[in-house]
Structure formats: structure tokens, C-alpha cells
Amino acid sequence: MPYPHSWKEKLAARIPEELGREIDVFESQLELRRHGKIDERVFAETRLRRGVYGQRYDNGQRHDGRKVQNLRLGVPGHMKGPDTAWNAPGMMRIKIPFGGMTPEQMRVLADLSEEYADGIVHVTTRQDVQYHFVHIDDTPDIMRRLAAVELLPTAQAVARVFVRLGEKRDRARARIKFLVARLGIDEFRRTVLEERRRLDPDPAWTEFLEASCEPRESPLENGGARPGAECPTGFEEWASGNDNRATR
């Protein structure tokens with residue numbers, strides 16, 4: 001059997017069939033956009049639904065926490081705005097349901113940042129992950145590698161509802177909170193649940209939940225006062241009731 005030469009072939013057995021078809025559709029639409037056979041507004045909707053965004057370029061420079069670095073953007077001279085090339089390197093956002101990940105998922109996220117982005121994994125205030133300077137041609141393979149380590153149905157349903165009903169003209173109001181405020185939380189919940197019911201069941205959605213609340217690590221040693229410092233009044237009593245080793 002010949003060795004698979006693409007991520008699509010290599011991961012075919014690990015990607016749920018429905019998600020695989022959805023990624024194939026996106027890849028086809030990407031090809032149509034490349035040849036000018038699909039309107040940018042239509043394509044923008046399908047890429048945003050999958051977490052693929054444009055980004056601010058800051059004149060091709062980026063501060064990495066220590067100094068400003070010059071970056072090769074692939075599309076020199078382009079800034080974010082109406083004249084930005086449609087396929088200029090952009091940002092990709094990965095949803096992390098419940099903010100929890102398995103070791104395998106974390107390894108894949110780290111690998112993707114080094115292989116497709118600038119080596120930096122940005123963790124957002126909503127416990128999601130973002131990559132910057134990602135070429136749009138790489139996004140289908142990124143999606144496949146993420147799908148192979150398990151994309152939850154509720155997160156999918158919320159994204160689909162927002163794409164269908166959310167604000168599209170005013171970027172400042174293109175947020176879930178404004179859609180919830182307009183519909184009301186009850187109607188928003190009903191709409192999301194209705195959307196979710198349309199998705200074909202997948203055991204991978206829930207099989208990890210039983211283990212998600214199990215403790216996965218423990219402190220190397222118990223807490224205590226700093227070296228040379230006295231414990232404050234009541235600390236020993238508190239520590240005796242919160243000793244991780246004593247409760248095992």
C-alpha cells in the first residue's frame with residue numbers, strides 16, 4: 001500500500017465522515033475563489049464560519065514580547081483594509097470547548113503553530129486559541145488535523161446560528177452578545193438547539209466527558225510558608241484540610 005501523500009489521505013480514517021465532507025466543501029470553495037468563480041462576500045461567510053479571519057499587519061512587523069520582529073507575510077506591502085489581498089496571510093481561531101484539552105490535542109496545536117503560523121499560540125480570554133500569519137491555502141489541512149483529534153456539536157451549532165443571523169455589516173457589533181440581546185436568550189437557545197438537532201450524531205462529541213473532570217495532575221509538594229517566613233495564624237488548620245495527599 002503506497003504511503004499517503006496528503007493529510008486528507010493520512011487522516012481519512014480518523015476524521016468523522018460528515019466533518020471530512022464539510023472540509024472538502026470548504027477546500028472546493030477556496031479553489032473557486034482562487035479562480036474568481038465565487039464572490040468574495042460569499043466566500044468570506046464560509047471562511048468566517050470556520051474560524052478563518054483577516055488580520056492587522058502592523059507594516060509587516062510584530063512584537064514577540066522581547067523585541068520587534070520583521071515578518072515575511074507572503075504579500076509584501078499589503079495592510080489590512082479594502083486593498084488587502086483576499087488570500088493575504090490571516091488569523092485562524094480554534095474553539096476549545098470547556099477550555100479543556102487532551103495531551104494529544106495540545107501537541108497538535110503546538111505543531112500547527114510551528115508548521116503553519118509564526119510559532120506563537122495565542123490563548124484568548126475566552127479560552128480559545130488563535131494563530132496569526134496563516135496562509136489560507138493551509139487552512140483545509142489545519143482543519144483536518146484538528147478534526148482528527150475531535151470540532152463539539154453545540155459549538156458547531158452556535159457558529160452556524162451566528163453566521164446565519166448575526167451582524168455582518170457593522171464589525172463592532174459582529175459578536176454573539178449582540179445577537180443574544182436581539183433575539184433574547186430563550187430564542188437564541190431554542191435556535192441553537194434546533195440547529196444542533198440537524199447535525200448527525202457522533203459518539204466523539206461526548207465520549208470524553210466522563211474523563212474530563214478527573215484530576216490529571218497533583219502538586220509536586222504541599223504548600224507552605226516561604227523559606228524563612230512564619231506561617232500566618234490559621235494556616236496550619238487550613239493546610240490540614242486542603243492537603244492534596246491527605247485526601248487521596
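**Close-up views of a predicted model**

View 1. Residues are numbered from 1 along each chain as its sequence is written, and side-chain values use heavy atoms, with hydrogens and water left out. A pocket is an open set of points on a 1 Å grid over the protein atoms alone, where a 1.4 Å probe fits, with protein on both sides within 12 Å along at least five of seven lines; lining residues have an atom within 4 Å of a point. Among the lining residues are Ile96, Met101, Leu109, Val121 and Asp128. Helix H4 (residues 103-116) gives the most to this lining, with three residues. Helices (H or I, at least four residues) and strands (E, at least two) are DSSP runs, numbered from the N terminus.

**View 2. Asp128 sits in the loop between strand E5 (122-123) and E6.** Asp128 has a relative accessible area of 7%, so it counts as buried (buried is under 20%, exposed over 50%, partly exposed in between, with a 1.4 Å probe and protein chains only). Look for Lys95: its side chain and that of Asp128 are joined by a polar contact of 3.3 Å. A polar contact is a pair of N or O atoms within 3.5 Å; within protein, one must be able to donate a hydrogen and the other to accept it, and residues adjacent in sequence count only if both atoms are side-chain atoms. Not counting residues up to four places away in sequence, Asp128 also touches Arg93, His122 and Val123, among others; contact means heavy atoms within 4.5 Å.

**View 3. The largest nonpolar core has 27 residues.** A nonpolar core is a set of buried Ala, Val, Leu, Ile, Met, Phe, Trp, Tyr and Cys residues joined through side-chain atoms within 4.5 Å. Those with the most contacts inside this core include Ile94, Leu109 and Leu112. Helix H2 (17-34), strand E4 (90-94), H4, strand E6 (129-134) and helix H5 (139-147) each give two or more residues to it. A second, separate core of six residues includes Phe188 and Val192. Back in the 27-residue core, Leu112 touches Ala117, Tyr131, Ile142, Arg145 and Leu146, leaving out residues up to four places away in sequence.

**View 4. Thr139 belongs to helix H5.** With a relative accessibility of 1%, Thr139 is buried. Its side chain reaches the backbone oxygen of Ile136 at 2.7 Å. Beyond its neighbours within four places in sequence, Thr139 is in contact with Phe26, Val52, Met92 and Val134.

**View 5. Asp24 lies in helix H2.** Asp24 is partly exposed, at 26% relative accessibility. Its side chain makes a polar contact of 3.4 Å with that of Lys8. Asp24 and Pro140 are 116 residues apart along the chain, yet their C-alpha atoms are separated by 7.8 Å.

How values were computed: Predicted model: local features only at pLDDT ≥ 70, side-chain atom pairs only at ≥ 80, totals over all residues.
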